[in-house]
Structures are given as structure tokens and as C-alpha cells.
2 protein chains.
Amino acid sequence: MISVEEARGRILAGLRSSGTETVGLSDAWNRVLAAPVAARLTQPPADVSAMDGYAVRAADATEGAWLRVTGSAPAGHPFAGGVGAGEAVRIFTGGLVPEGADGILLQEDAEAAEGRVLVRETVQPGRWIRRAGLDFKAGETLVAPGRRLTARDIGLAAAGNHPWLAVHRRPRIGILATGDEIVLPGEPLPPGGIVSSNAHALAALVRAAGAEPLVLPIARDDLAAIGAAAEAARFCDLLVTTGGASVGEHDLVQQALGPHGFTLDFWKIAMRPGKPLIWGRLGETPLLGLPGNPVSALVCGVIFLWPALAVLSGLPPAPPPLRRAVAGANLPENDRREDYLRARLRQEPDGQWVATAANRQDSSMLRVLAENGALLRRAPHAPPLAAGEPVEVVVLADLGL
Amino acid sequence: MISVEEARGRILAGLRSSGTETVGLSDAWNRVLAAPVAARLTQPPADVSAMDGYAVRAADATEGAWLRVTGSAPAGHPFAGGVGAGEAVRIFTGGLVPEGADGILLQEDAEAAEGRVLVRETVQPGRWIRRAGLDFKAGETLVAPGRRLTARDIGLAAAGNHPWLAVHRRPRIGILATGDEIVLPGEPLPPGGIVSSNAHALAALVRAAGAEPLVLPIARDDLAAIGAAAEAARFCDLLVTTGGASVGEHDLVQQALGPHGFTLDFWKIAMRPGKPLIWGRLGETPLLGLPGNPVSALVCGVIFLWPALAVLSGLPPAPPPLRRAVAGANLPENDRREDYLRARLRQEPDGQWVATAANRQDSSMLRVLAENGALLRRAPHAPPLAAGEPVEVVVLADLGL
């Protein structure tokens, strides 16, 4: 049995980011940028007004002075001439400040009358002018590669004049559920049968991570069936199996895949839920074998598959984000397996997050997991812990899970 | 000028959730559930083993006893007979516990030998048996409507035997950018022109909220052009405009839409960035007019459009989630406008989040917004605040923004 950290380290070290594709800006949200976005222009391109009012020479625009209005400079329609002594040009937010002007008389500080304007408040030089390049200058990097693009990044790339972006291809993840007892939802259910939930929950996890799931037909507990289904791995960046990973006679995945070129790295980790976890390679394709119990499959999905999907997507290797909270109840000493307790998270009026582990932690209880949105991490051999002491939690909603 | 809270309240009160559609389970992740998902079966359907081992009568299975192995019960293949006195049936995780058995002899506590098994550790009655209905019982509600479906919910709906789910239709949001000065990224840029960023950033925000953006062609600052584009509103659940919402002569949206049946609710709010904000109705279609400055457009998008999209999507009305943090630097007294400062958020080793406002808060500086992932809220007339005192922030990454 190896530790969670070592297992995750070995998994992430065995993965490379997927290749690059070009997408239109309107398709780039939430994709991972593959090449830097540099500004193709300076923004604003020249000095512009930050307000509606009049472009003036500040020296002339003292309280009580009258200025002659010689033209207008709305945004997008630069004024052809300049501003001379005693002159003013009507200007609007975003309009280019004409040659000669060095200040803005605000609309609310001006009184317009037949081609002239009265200054009601002395203008400060430079005030209400946005200088050329205030936001960014041509050539500057606006968004760095390796970042999952937010709405703000999309806006910034647009402002930098980019209609196309280079992003990492969405990794394609094969999902193979195995087991004689499982059937698809809505299909005829034989005696002793169980409706398949792992493949669908994991496909949703894959989508939440921005990757593309390929749900393979369920493989019976039969060497040939598993072997044949595994051929699908050739089309995948990663093959995920569920079930068939422990030590009983009916755990066939390893046995079935051997003849197909499977090389095992490890298959047992010191974690609860989820001791049986397979990591290896099927030919060229990395293979992650998750346990068959629904809670174990999904928790191992969060702890191992989620970071793996991030690396395949072009993000830096990292564990799932942990938030700090305090325990809502006493917790017993832990054994040598790192434990992820299903827990409910709530925020106290003082802002403190409190995580309280569910009473039942059986790894078949999917509903307990659905109703408890946090995983409370207990380190191997952690001593007993009293209510109110600090703990670390993975907040599943943070990950769209 | 009305308050942020009143403005948001009026907007949300004017919206209804979109209709319902049926989607396959594999398309339902992140959609908002429109009808309860009730379990169509009991899980597990009968008592099953939680471990690999032997189903036995506990009374017989005392340390040192030998039991006769009469059959096998892997998951999905129930054993036809029962377990009589002195008998054991080989069983695997998830296998149905045969009639007569009331305990599980774990594999690691057993020694198998030619049709018999030696008990190495006395079996406790009921131990390692998952009772019928441990996870859920037929008819119980597994997922309640009005919830955005997580990967866990998808797994639970699958386990409850649902191949289809009723979800709210994705609201379709028209986005109309107006202005003579703006052009699409990559298109020829005239003197004084600015590349359009608002529509693309807002489209990404709409996607992040699970809705469907319809980016309309840019409308020139011309009554007829704006009016014609607004006809597109008939196909939308909400029309969002950007630009043209303030008081200058060149602010045309309200004027242009009047003849098309526009009724105004309000158009000025006590907020920074973003004083000019239009809310009204264009015929049947709600219309939200955002300011033209990129930062104002996006911040107003977070504060007003985001909650509006949630309501249209079938979620309960709520402001964007605020997280508690402490100020990283002193903040001056605030005036009567609620302020959303662009701020950087970091976590201290003790778990405390610290939000530090950016030095420059000009509403044209998109890069400052892209690089500062939090909006620090300052209430109207808030007194000066010292570094280390509590503040509230909207964390844009929490929203995919």
C-alpha cells in the first residue's frame, strides 16, 4: 500500500497535457490557454475622456470663464481639429481628447448657451483624461498560458483584438464499468442486479473538469469482454475503469488486460474509501482503475482523477484544493489509511466554516455523499481531534461535483 | 438613484424560470432539476455483503470451526439455495446474502480447503451485511427540484434507475452591444475605434451561468439600427444591452426602444462602477441595460445579470455569494454609492482570507479586473476601515468568471 500523495504523484508524473487546437473567442470560455495572448494594440489608443463634458485648455477653464464650443468628439468620431485658446470641444466618455486640450470640464460643471459654455468649476489639468495605454500597451502579455479562461480573460483577449485563441484540446476519457451485476438505468433489471451509477457520475465529473467522457458499453465479468472493451483505449487520452480492482476471484481487470499489453504501476493505496486503485498503462494509454463501490469510485475520482484531468487539460499538477474549516464534532484517532469522511459544511455568523462528518460512512451510501458536500481529510495515524479544532476539507461544489 | 439591493430585488421579481425539457441522464450535469427524482427501486434491493468472504450462520462460525462450502454468490449471481447449519456460501462484495445466513466470515479470517473453510475469527451476527434499503428505499426523493445537478446527483439519479430527467430549459440571452466606436476583434479598426469586449465577456458570463448567449450584431449609435436589433428580443428570455445607458446626447438605447414598446422601470443605481443601469421590458421581454465601460459592464453583470440568470434557470432568487475576508490595507470612508473594488484575495497560513483592493480602480481597466479575482463590497456611507477588519468579497472564480 502506498500513500495517497505518492499515488497521486506517480499518476500525475505519467501524464502529459493534450495538444493544441484553435478555437473562436466565443468558444474559448473555460478552456485552458495554450499560448500567450499579447495585446495587438494599445488601449486606449490615445488619450480619451473618462466623462461626458468638454475638452478644454485647463489654463482657460477657470470658474466663471466663457469658452467657445468649436465642435464635438463622441466616442468613435474623433474631432478633426484642435482646441485653441478660449475654445472647448464637446466630448463624451471614450472620445479622443483633441490636440491642444489638457483637461475635461464635466457636463455637470458646465452651462451651455448658443455655441458657448460657462465654466462653473475650475478644471484641473489632466483630470478625467485616460492616458493612452492606461489599460494595456501593444505587445504586453494579457493572458498567460496554462490558465483556464474566465469571462474576464475572454473580455481582455477581445479588447486585445484576438478573434481566435490557441487552447488545449479537451482530453478524451474512456470510462469502462465492469460487472455482471450492473445494468444501465431504465434497462431490464435481473434478480440481484444493480443499476450502473459509477460510469454516469464519473462522466459528469469528467465534464465538470472540462474534458470529454466516452462512456463505453458495460463489460461483463469475463476476460474476453473486458479485453475487447479495453481496445477502445486507443482512442482515449486516459482510460478509467470502475470495479474489478480488488483481490477477490471475481476481480478480473488486471488479469484480462495483461494480454493486451497492460503494465501495472500500483494497485493498492492507503486510503479510505478506496483501497483498491489501479494505476498502469495499457499500451500507450494511461489506465486508472477505480473501486466499484459508488462512493469509493467518486471520492477516488475527486482525489486522483480530477488532478489527472487538470494535467491532461494543460493545467499545472496540483492536488484538489483544500479549504480550512473546524471540526463540528469530535473525531476518533485514524489508522494508517488516509480517510476522506463525507461531511456537511456550514458557515458560522463569524465567517468560520464548520465541517461535521456524517454518522454513516459506508462506501455504498451514495445518498450520504450527495447530501454531504465536503470531504473531510484525516491524515494517516492522525490523533483524536476535538470539535472546534482545525481540519481540511475538499468542497465538492467548488469543483462542480 | 435606487440601491443595489432594491434594483436587484426589482429585477429578480420580474423574472420567471424557463420551461422544462427532458434530457438524457448523460446530458443532465449542471442543469437545474425541474421535477423531483424519486427512487424507482430500493438500494440495495436485499441484504448484501459489504466484503469478500463467506455467508454463514454466525452461531456456527466460531473460531476454530469448520464449515462446508455449498456454493458461491458473486455480485449479480444470487445463490439459489440457503445456508444451513454448518454450511457456508462463498460471497463477494455486493453479492446477495443467501437465506439462512446472518453474518459474513471475512476472506482474511478464513482458510479454505477442499470444499470446506476454517473459521479463524468468530463472526458477529449482522456484521459486514448491508441491509436492504441502506442507501435508499423505493419512492424516497433522491434529488429535489431547483438544484443544479452535481456529479453526485447524476450518480444518485442513475442508481435510482432514471435514464431521463426533467430539467429547466437553458435561458436564451440576447446580448446587444451598441456604439459607433466598437468593432469585432480582428475586424478593420477605424481611427478612434475600440475593439468590442463587453459582448464576448458577457457571453462567457452567460455560459458560465449555464445559459445560452445570442450575440447580436453590433448596433451603430442610430435610432433605427438599435430599434431593428432589438426586434431580436422576441427570441430571447432576456435582452442585455451594453453602452448607451447614461445621460449624454449619445445615449440612445432608451430613446431608440421607445417606439418598440419599451417600458422603463429604473435606469440609475447607487453603485460604483456602474451608475447607469437600465431595467425595463421590451414588449414581453425583460431588458437589462449594462454600462458601456468594460469593467462596469462585467461588475454589473456579476451583481445583477448573474442572479437574473439563476432565476431564469430555475434556481431560487439570491444575490451572488459573498465570502468573508479581512482587508489587506486601510480603506477610506465610502460615499452614498455601494462600491465593488477590484481586489486580490490570498489565504494566510492560519486559513484567513485577505482581500487587498487594487491601487487603480478606473472602470476602463479590464486588465486590473482580470488580474484581481475578487470584488470587495463597500456599503453606502461605510466608515473608514483599517487593515485586518472584516470585509465581504465576491470571488469571481467561484462563479467561473
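Author: Start with a count: 4 salt bridges link chain B and chain A. One of them pairs A:Arg367 with B:Glu140. Their closest N and O atoms are 2.5 Å apart. Keep in mind that this is a predicted model.

Which elements of chain B touch chain A with two or more residues? They are strand S11 (141-143), helix H2 (151-159), strand S15 (194-195), H3, strand S22 (323-327) and helix H7 (366-371). Of these, H2(B) gives the most to that side, with 8 residues.

Next, the extent of the contact. Chain B puts in 86 residues, and chain A puts in 86 residues. Between them the chains bury about 6,600 Å². Carbon and sulfur atoms account for 57% of that area. Three residues stand out on the side of chain B: B:Trp29, B:Arg152 and B:Arg367. They supply 12% of the area that chain B buries against chain A, more than any other three residues.

Do the copies meet through the same surface or through different ones? Through the same surface, because 100% of the interface residues of chain B are also interface residues in chain A.

Now the symmetry. Chain B can be superposed on chain A by a rotation of 180 degrees, with 0.0 Å of shift along the axis. The RMSD is 0.0 Å. The two copies are therefore related as by a two-fold rotation axis. Which residue of chain B comes closest to that axis? B:Asp398 does, with its C-alpha at 3.4 Å.

Let us zoom in on one residue, B:His200. Find it in helix H3 (residues 198-208) of chain B. Is B:His200 buried or exposed? Its relative accessible area is 14%, and the cut-off for buried is under 20%, so B:His200 is buried. Look at what B:His200 touches, leaving out residues up to four places away in sequence. From chain A there are A:Leu25, A:Ile154 and A:Ala158. From chain B there are B:Leu184 and B:Pro185.

Two of those partners lead us to the next helix. A:Ile154 and A:Ala158 are both among the buried residues of H2(A). How many residues of helix H2 (residues 151-159) of chain A are buried? The count is 9 of its 9 residues, and the helix is mostly covered. A:Arg152, A:Asp153 and A:Leu156 are also among the buried ones.

Follow chain A just past H2(A). There A:Asn161 takes a positive phi of about 75 degrees. Phi of B:Asn161 is near 75 degrees, a positive value in a residue other than glycine. Why remark on that? Most residues other than glycine have a negative phi. B:Asn161 sits in the loop between H2 and strand S12 (164-168) of chain B. With a relative accessibility of 14%, B:Asn161 counts as buried.

B:Glu114 lies in the loop between strand S8 (110-113) and strand S9 (116-119) of chain B. Here the relative accessible area is 82%, so B:Glu114 is exposed.

Step back along chain A to A:Gly133. This residue is in the loop between strand S10 (129-130) and strand S11 (141-143). A:Gly133 is buried, at 7% relative accessibility. A:Gly133 and A:Pro45 are 88 residues apart in sequence, but their C-alpha atoms are 6.4 Å apart in space. Beyond its sequence neighbours up to four places away, A:Gly133 touches A:Thr42, A:Gln43 and A:Pro44.

One last backbone detail. Most peptide bonds are trans. A cis bond joins A:Arg272 and A:Pro273, with omega about -5 degrees. Another joins B:Arg272 and B:Pro273, with omega about -10 degrees. A:Pro273 is in the loop between strand S19 (271-272) and strand S20 (276-282) of chain A. B:Pro273 is in the loop between strand S19 (271-272) and strand S20 (276-282) of chain B.

Terms used
Residues are numbered from 1 along each chain as its sequence is written. Chains are lettered from A and ligands numbered from 1 in the order in which they are written. This is a predicted model: local features need pLDDT of at least 70, side-chain atom pairs count only at pLDDT 80 or more; totals for chains, interfaces and linings use all residues. Side-chain values use heavy atoms; hydrogens and water are left out. Helices (H or I, at least four residues) and strands (E, at least two) are DSSP runs, numbered from the N terminus. Buried means under 20% relative accessible area, exposed over 50%, partly exposed in between (1.4 Å probe, protein chains only). Contact means heavy atoms within 4.5 Å. Copies are superposed by least squares on the C-alpha atoms of residues with pLDDT of at least 70 in both. Buried area is the accessible area (1.4 Å probe) that two parts lose on being put together, summed over both. A salt bridge is a side-chain nitrogen of Lys or Arg within 4 Å of a carboxyl oxygen of Asp or Glu.
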